[in-house]
Amino acid sequence: MPDPGMIVPAGEVALSVRDLCKTFGRGTKAKQVLMGLSFDVHPAQVVSLLGANGAGKTTLVNIASTLMLPTAGTVTVCGADVVTRPRQVRQCISLTGQFAAVDGELTGKENLIFFARLNGLSRAAAAKRADELLERFRLADAAGQRAAKYSGGMRRRLDIAASLIVEPQLLFLDEPTTGLDPLSRRELWEMVDELRGQGVAILLTTQYLDEAERLSDDIVLLREGRKVSQGSPAQLRQRFGASICKIGLDEATLAQKVATSVLPGVLGRAQDDFTVDALEVTFTALNGAEDLIAANRAIIASGIEITSTSLTPPSLDDVFLGTAFVSGTEPVEGV
Ligand SMILES: Nc1ncnc2c1ncn2[C@@H]1O[C@H](COP(=O)(O)OP(=O)(O)OP(=O)(O)O)[C@@H](O)[C@H]1O
Ligand SMILES: [Mg+2]
């Protein structure tokens with residue numbers, strides 16, 4: 001149970017991961033799953049580990065939450081080393097695993113009371129805390145129902161409520177929204193925002209780019225156990241790919257003319273760089289808004305009317321796919 005007196009001093013790191021390596025098995029069967037991973041999570045910060053299946057996300061969460069030993073490197077939680085001071089680490093953290101840990105045979109309230117009692121709360125305090133959490137997670141109406149009858153979203157909320165019986169300094173959420181409907185996902189996102197607002201440090205793992213983009217202060221892009229990039233959503237977007245410019249015309253022949261003769265000249269680009277889809281011309285704006293403005297001016301100057309124009313920054317999908325398929329990418333240090 002977290003000791004309420006143990007507050008992370010301002011400026012201290014809630015989670016520090018340095019040169020972390022994990023290898024499963026030995027000899028010819030050895031499998032390197034994490035290879036020199038380093039990053040930090042600060043109080044009141046959400047850091048997302050973004051990676052595909054098998055990237056090593058759960059392995060990292062398991063090591064940082066003292067469920068598994070690292071092969072090399074160091075991990076500290078609120079200043080305590082996970083290998084040498086696991087008990088102290090456990091006092092600062094909560095974990096919501098990839099697979100829900102609630103007992104389907106018990107009601108929602110019984111589940112929470114059970115976890116509260118495990119955390120050392122008295123019978124009365126456990127019941128009170130359960131009621132507070134059921135209210136907060138909009139489960140009060142279903143408090144007396146067996147958890148087996150809950151929807152996926154309700155079970156997920158109950159699972160997270162259980163991990164917040166005693167509010168942690170560092171919360172691990174391993175793919176918390178996998179399998180949730182859009183409404184439940186949004187609710188969970190709001191809950192993450194709220195916890196961050198209260199100063200909780202959160203390490204979240206996800207395969208969803210929109211989720212990482214929506215929630216994170218910092219994103220660690222993980223591929224096959226290596227960090228391939230790290231930065232804020234805006235930094236990653238900037239680093240990986242230019243914006244897409246779309247210009248709408250009112251006739252297909254004009255769209256062709258714009259794509260083949262007007263724009264290649266004015267932007268100094270090959271005709272192949274422009275694609276036409278019915279009335280719309282699309283191209284990558286290598287110079288961002290400057291390209292959009294230059295293109296619009298040139299089209300208007302040639303007497304052609306523009307019906308719509310837009311510049312869309314690259315999504316994290318572009319970021320993700322861009323790096324996911326670069327073979328031999330080395331880990332990026334100091335980013
Ligand atoms: N106990 C283990 N023994 C051997 N290999 C393991 C063990 N645990 C995980 N692995 C392997 O390590 C790799 C990373 O697994 P991990 O569960 O960390 O990935 P993940 O990023 O969480 O994936 P997912 O998105 O599917 O949850 C996988 O190839 C997995 O098969
Ligand atoms: Mg996992």
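Author: Let us start with a term: a residue is buried when its relative accessible area is under 20%. The model before us is predicted. In a regular strand the side chains alternate between the two faces of the sheet.

Reader: Which residues point one way from E9, and which the other way?

Author: Asp218, Val220 and Leu222 point one way from E9, while Ile219, Leu221 and Arg223 point the other way; all are buried. With 6 of its 6 residues buried, strand E9 (residues 218-223) is therefore largely enclosed by the rest of the structure.

Reader: How many bridges join E9 to strand E10, and in which sense do E3 and E9 pair?

Author: Strands E9 and E10 (residues 226-231) run antiparallel and are joined by 5 bridges; here Leu222 stands opposite Lys227 in E10. The two strands form a hairpin with 2 residues between them, and Glu224 in the turn has a positive phi of about 50 degrees. Strand E3 (residues 46-50) pairs with E9 in the parallel sense over 4 bridges, and Leu50 stands opposite Leu221 in E9.

Reader: At what angle do the axes of helix H5 and helix H6 cross?

Author: Two packed helices are described by the angle between their axes and the distance between the axes. The axes of H5 (residues 152-163) and H6 (residues 182-197) come within 10 Å and cross at roughly 15 degrees. Angles under 35 degrees count as roughly parallel, so H5 and H6 are roughly parallel to each other. Their crossing is right-handed.

Reader: Which residues make the contact?

Author: Helix H5 contributes Gly153, Arg157 and Ile160, and H6 contributes Ser184, Glu187, Leu188 and Met191. The residues of this contact divide into 3 nonpolar, 2 polar and 2 charged.

Technical notes. Residues numbered from 1 in each chain as written. Chains lettered and ligands numbered in written order. Predicted model: local features only at pLDDT ≥ 70, side-chain atom pairs only at ≥ 80, totals over all residues. Heavy atoms only, no water. Axes fitted to C-alpha atoms, helices over the stretch in contact; angles between N-to-C directions. Parallel < 35°, antiparallel > 145°, perpendicular 65-115°, else oblique. Left-handed = near helix turned anticlockwise from the far one by under 90°. Contact = heavy atoms within 4.5 Å. Nonpolar A, V, L, I, M, F, W, Y, C, P; charged D, E, K, R; others polar. Buried < 20%, exposed > 50% of the residue type's maximum accessible area, 1.4 Å probe, protein only. Pairing = 2+ DSSP bridges.
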